[in-house]
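Please read these notes with the model open beside them. They are meant for someone who has not seen this structure before.

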Amino acid sequence: MSDLLVIAAFVAFVVFFIAGQYRKYPAIAGWACIVLNLWSELPALLREDNFLYPALALLSLPFLAITVERLIRDDPVVLRLTRTAAIATVIWVPFALIPVLHDGLIAVTVTLASDLITALGHHPQLVAWDVILENGFANQIILGCTGIMAIAMMLGVVFGEQSLTPRQAALAFLLVVPPIFLLNLLRVAVVFIAVSDRWFAGFPDPTGTGDANFFWAHNVCAEVLAVIFLLALVWVLARLIPRLGTFARALLRLYWNRLRGLVAPAPDTL
């Protein structure tokens, strides 16, 4: 089901680029597919005790309602946001669905992460092409461990701005791709070491499994630091591309005001 929704989102956003005055309809379809896909993955995320994406799934419902309403009205801010999402989707989906890209990116990440873990004084074993083992902890590297989703999102943010100069485009690309890829390798390596060496053995165990090391290392520390880094990167990009900062402020203001309108009590009537 998830692959079908991913393909549907990809097709909808491609049509968005070429639909002209009718682009709001494929835009609505693309956003709906993204939200449905997020909800379709919710059971697996909950089994992994990942709370960030379930929280995003809950927020996605009012977000979708506001987005659809504003797209119907041809709101330029939400159309710009949709362009950002469309670019990110077009970049990410081939890596998700084409085996040579999918497996190749994972293989590169496994090799470089293993080398980095070794350089940090550990002795990981490659027990499969995508599995690293040490101290009884086997970590399978999946597409989500490669950083490609964050790279696609940030490139969507950058190239959603249509009036970029060549200099801005080149500098933004260099600010996005190499830092995210390299910091993601560091994240994979440090999380692996933290779990295999049981850094969080004395922490509370909300998972009920008897071993909360992965929960604290990956689902808490790594996720929080990743969000902070991406927000800082958006700030840096906004300094490089001032119109990006203007767009971000308009976007936050629009959704905050519309969200307040959704939750505000209706006025008393006589």
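1. Basis. This is a predicted model, in which local features need pLDDT of at least 70, side-chain atom pairs count only at pLDDT 80 or more, and totals for chains, interfaces and linings use all residues. Residues are numbered from 1 along each chain as its sequence is written, and side-chain values use heavy atoms, with hydrogens and water left out.

2. Confidence. The average pLDDT (the predictor's confidence in each residue, from 0 to 100) is 89 for the protein, and 93% of the residues score at least 70. Residues 265–270 fall below 50, and beyond near neighbours in sequence this stretch makes zero contacts in the model. Contact means heavy atoms within 4.5 Å.

3. Helices α1 and α5. Helices (H or I, at least four residues) and strands (E, at least two) are DSSP runs, numbered from the N terminus. Helix α1 (residues 2–18) packs on helix α5 (residues 76–97) at an angle of about 135°, and their axes are 9 Å apart. Axes are lines fitted to C-alpha atoms, for helices over the stretch in contact, and angles run from 0 to 180 degrees between N-to-C directions. The pair is therefore oblique; angles under 35 degrees count as roughly parallel, over 145 as roughly antiparallel, 65 to 115 as roughly perpendicular and the rest as oblique. Residues of α1 in the contact include Phe-10, Phe-13 and Phe-17, and those of α5 include Trp-92 and Val-93. By class, the contact has 17 nonpolar, two polar and two charged residues. Ala, Val, Leu, Ile, Met, Phe, Trp, Tyr, Cys and Pro count as nonpolar, Asp, Glu, Lys and Arg as charged, and the others, Gly among them, as polar.

4. Helices α7 and α9. The axes of α7 (residues 148–159) and α9 come within 11 Å and cross at roughly 25°, so the two helices are roughly parallel. From α7, Ala-150, Met-154 and Val-158 meet Leu-230, Leu-233, Val-234 and Leu-237 of α9. This contact has seven nonpolar residues, with no polar and no charged ones.

5. Asn-135. This residue is in the loop between β2 (131–134) and β3 (137–140). Asn-135 is not a glycine, yet its phi is positive, near 55°. Asn-135 is exposed, at 54% relative accessible area (buried means under 20%, exposed over 50%, partly exposed in between; 1.4 Å probe, protein chains only).

6. Arg-198. The loop between α8 (166–196) and α9 (213–240) holds Arg-198. Its phi is also positive, about 60°, in a residue that is not a glycine. Arg-198 is partly exposed, with a relative accessible area of 42%.
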